[in-house]
Amino acid sequence: MSHCSSMASVLNPYPTSPLQHKVNRFSLNTISRNLLSNRNQLTVRNGPTHGHRIITTAKMSVEGDVMVKEAISTDRKNDIGIVSLHHVGILCENLERSFDFYHNLLGFPVNEARPNDKLPYRGAWLWVGSEMIHLMELPNPDPLTGRPEHGGRDRHACIAIQDVSKLKEILDEAGIPYTLSKSGRPAIFTRDPDANALEFVQVDA
């Protein structure tokens, strides 16, 4: 593989009177008690072919004046036993160039266990925590120009990291443009050599 050193809302409420605020909070608290009359549970049961699986769905609850979704157990007929995101496929024009970006620049480890000679096109598997990305050297139907400047307004994959400031240093040194999260979160949006948008959000380890 070649080494390329140069590559690199919160809801804004309308003003309300104190009385109106109290009425809203009373209504929301009433809704909250009704929604949370039964405590949320997380059910784990044996699946038909893959051992244990977690069955969850969304339930609305209220924290203060903000509606949020919480996971509750369910046993619906259309449940497929979702476990996690296994991998994301990323199209690239040149495998070596993309490998240099993801592996050499950003430090994504290679998954040596995944064979690259079983498919009719070139590719590479890289670890993203316990999941993966699959670089695929195939024609890309998406245009390279005319895409949104901010990757958050484009289709994108989001990757959790521990240090956004370190990533900024790496991108700055490599001369790779990026934008920061519009919400003020510690997050960076950038693009790979094929204009695929990527988000990196800082989380606690």
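1. Glu93, Arg97 and Asp194 are linked in a network of salt bridges. The term here stands for a side-chain nitrogen of Lys or Arg within 4 Å of a carboxyl oxygen of Asp or Glu. A search of the whole structure turns up eight salt bridges, and a few of them are picked out below.

2. Before going on, some ground rules. This is a predicted model, in which local features need pLDDT of at least 70, side-chain atom pairs count only at pLDDT 80 or more, and totals for chains, interfaces and linings use all residues. Residues are numbered from 1 along each chain as its sequence is written, and side-chain values use heavy atoms, with hydrogens and water left out.

3. On confidence: pLDDT (the predictor's confidence in each residue, from 0 to 100) averages 76 over the chain, and 63% of the residues score at least 70. Watch residues 1–57, where pLDDT stays under 50. For that stretch the model has 84 contacts beyond four places in sequence, a contact being heavy atoms within 4.5 Å.

4. Back to the pairs. Glutamate 137 and arginine 122 meet through their side chains in a salt bridge at 2.8 Å, N to O. This one links distant parts of the chain, 15 residues apart: glutamate 137 sits in strand β7, arginine 122 in the loop between α2 (95–105) and β6. Helices (H or I, at least four residues) and strands (E, at least two) are DSSP runs, numbered from the N terminus. Glutamate 137 is partly exposed at 22% relative accessibility, and so is arginine 122, at 37%. For the cut-offs, buried means under 20% relative accessible area, exposed over 50%, and partly exposed in between (1.4 Å probe, protein chains only).

5. Next, arginine 155 and aspartate 142, with a salt bridge of 3.0 Å, N to O, between their side chains. Arginine 155 and aspartate 142 both lie in the loop between β7 and β8, so the pair ties together parts 13 residues apart in sequence. Arginine 155 counts as exposed at 55%, whereas aspartate 142 is partly exposed at 23%.

6. Then there's glutamate 199 with arginine 185, at 2.9 Å, N to O. Glutamate 199 is in strand β11 (residues 197–202) and arginine 185 in the loop between β9 (178–180) and β10 (187–191), so parts 14 residues apart in sequence are tied together. Glutamate 199 is buried, with a relative accessible area of 6%, while arginine 185 is partly exposed at 38%.

7. The largest pocket has a volume of about 480 Å³. Of its 24 lining residues, Phe108, Val128, Ile159, Ala160 and Ile161 are the closest to its centre. β8 (156–161) is among the elements that supply at least two lining residues each, along with β5 (87–92), β6 (123–128), β7 (131–137) and α3 (164–174). The largest share, five residues, comes from β8.

8. For the record, a pocket is an open set of points on a 1 Å grid over the protein atoms alone, where a 1.4 Å probe fits, with protein on both sides within 12 Å along at least five of seven lines; lining residues have an atom within 4 Å of a point.

9. One more residue to look at: histidine 134, in strand β7. Histidine 134 counts as buried, at 5% relative accessibility. Beyond four places in sequence, its contacts include His87, Val88, Gly89, Ile90, Leu119 and Trp125.

Technical notes. Points joined across faces, edges and corners; volume = space filled by probe spheres on them.
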